[in-house]
Amino acid sequence: MQPLVIDLSNKAIVIAGGGKIAARKAKVLLEQGANITFIAPAFSNEVLKLAQQNHFQCIEREIELADFEDAFLCILATNNRAINNHFGEILTQQKLVCVVDELTDGNTIFPATVTRGHLQVAVTSNGSSPKLTRALKQQLSKQFDESWTEYTAFLAEYRQLVKKLPISKIEKNDYLQEVLADEFRVNNKQQRESLEALHIAAVRSTEGKI
């Protein structure tokens, strides 16, 4: 499989299932601003609460192939292995499909992710060992602590300022390489001073063009 980062904001996502796993997948997608529809003969209180709080639709019946026609992503999370397999085989020909009880039946896997501001680190064992995936996520969570949230925000702002400077590409790369030193990540004062210096340089370069 090829890892990809996909923007799911406002995308139509259909989750076949109304239990614990369906709710778990929906919580992950909540952060992406996805438009979710649950379809199942019955729904857990957790799913109903999620749907009510986030204005998601719940359709109380068995799933049909037509339910997925406009879906950008299909998640098969019913408690019936045969149903998940059947719809997985059909839908993977033209849709992004996650089959939660047998990942190889689909073409999409939800990796374990660690998010710190602009930084997102994902890891998966491609279904071979969920325990390994969870263990690696715990390690990554410790390695990339909360200091990375503010640091990546700094890097984003710094990069935009560097791009505006009337200097060579080599000089810009030197600027961007400099702030990758670990001292910048843990030194907020140094981050602020670097941004202030760039702001001044940007203003002076603009004044020089007038």
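## Around Thr37

Thr37 touches Ile13, Val14, Ile15, Gln57 and Ile59, leaving aside residues up to four places away in sequence; contact here means heavy atoms within 4.5 Å.

Is Thr37 buried or exposed? It counts as buried, because its relative accessibility is 16%. The cut-offs are under 20% relative accessible area for buried, over 50% for exposed, and partly exposed in between, with a 1.4 Å probe and protein chains only.

A word on the model: this is a predicted one, with local features needing pLDDT of at least 70 and side-chain atom pairs counting only at pLDDT 80 or more, while totals for chains, interfaces and linings use all residues. Residues are numbered from 1 along each chain as its sequence is written, and side-chain values use heavy atoms, with hydrogens and water left out.

## Around Leu29

Leu29 sits in helix α1 and is buried, since its relative accessibility is 2%. Skipping residues up to four places away in sequence, Leu29 touches Leu8, Ile13, Ala34, Ile36, Leu73, Ile75 and Phe110. Ile13 turns up here and in the contact list of Thr37 as well.

For Ile83, the story is one of distance: 54 residues separate Leu29 and Ile83 in sequence, and their C-alpha atoms are 23 Å apart in space.

## Salt bridges

How many salt bridges does the rule give? The count comes to 8, where a salt bridge is a side-chain nitrogen of Lys or Arg within 4 Å of a carboxyl oxygen of Asp or Glu. One of them joins the side chains of Asp101 and Arg81, at 2.9 Å from N to O. Asp101 lies in the loop between β5 (96-99) and β6 (112-116) and Arg81 in helix α3 (residues 81-91), so this pair ties together parts that are 20 residues apart in sequence. Both ends are partly exposed, Asp101 because its relative accessible area is 33% and Arg81 because its relative accessibility is 34%.

Another bridge runs between Arg116 and Glu146, with the closest N and O atoms 3.9 Å apart. That pair links distant parts of the chain, Arg116 being in strand β6 and Glu146 in the loop between α4 and α5 (147-164), 30 residues apart.

Glu64 is partly exposed at 43% relative accessibility, and Arg61 is partly exposed at 28%. Arg61, Glu64 and Asp67 are linked in a network of salt bridges.

## Charged patches

Which residues gather in the patch of positive charge on the surface? They are Lys20, Arg24, Lys131 and Arg134. Patch members have over 30% relative accessible area and no salt bridge, with like charges joined within 9 Å and nonpolar side chains (Val, Leu, Ile, Met, Phe, Trp, Tyr) within 5 Å. Lys and Arg count as positive and Asp and Glu as negative, while His and the chain ends are not counted; each charge is placed at NZ of Lys, CZ of Arg, CG of Asp or CD of Glu. Helices α1 (20-30) and α4 (130-143) each supply at least two residues of the positive patch. Arg134 belongs to helix α4 and is partly exposed, given its relative accessibility of 49%.

On the negative side, Glu171, Asp174, Glu178 and Glu183 gather in a surface patch. Helix α6 (residues 169-178) gives the most to it, with 3 residues. Glu183 is in helix α7, residues 182-186, and is partly exposed, with a relative accessible area of 46%.

## A nonpolar patch

Leu4, Ile6 and Phe72 make a nonpolar surface patch of about 270 Å². Accessible areas come from the Shrake-Rupley method with a 1.4 Å probe, and for residues, only the protein chains shown count as cover. Phe72 lies in the loop between β3 (57-60) and β4 (73-76). Phe72 counts as partly exposed because its relative accessible area is 30%.

Methods. Helices (H or I, at least four residues) and strands (E, at least two) are DSSP runs, numbered from the N terminus.
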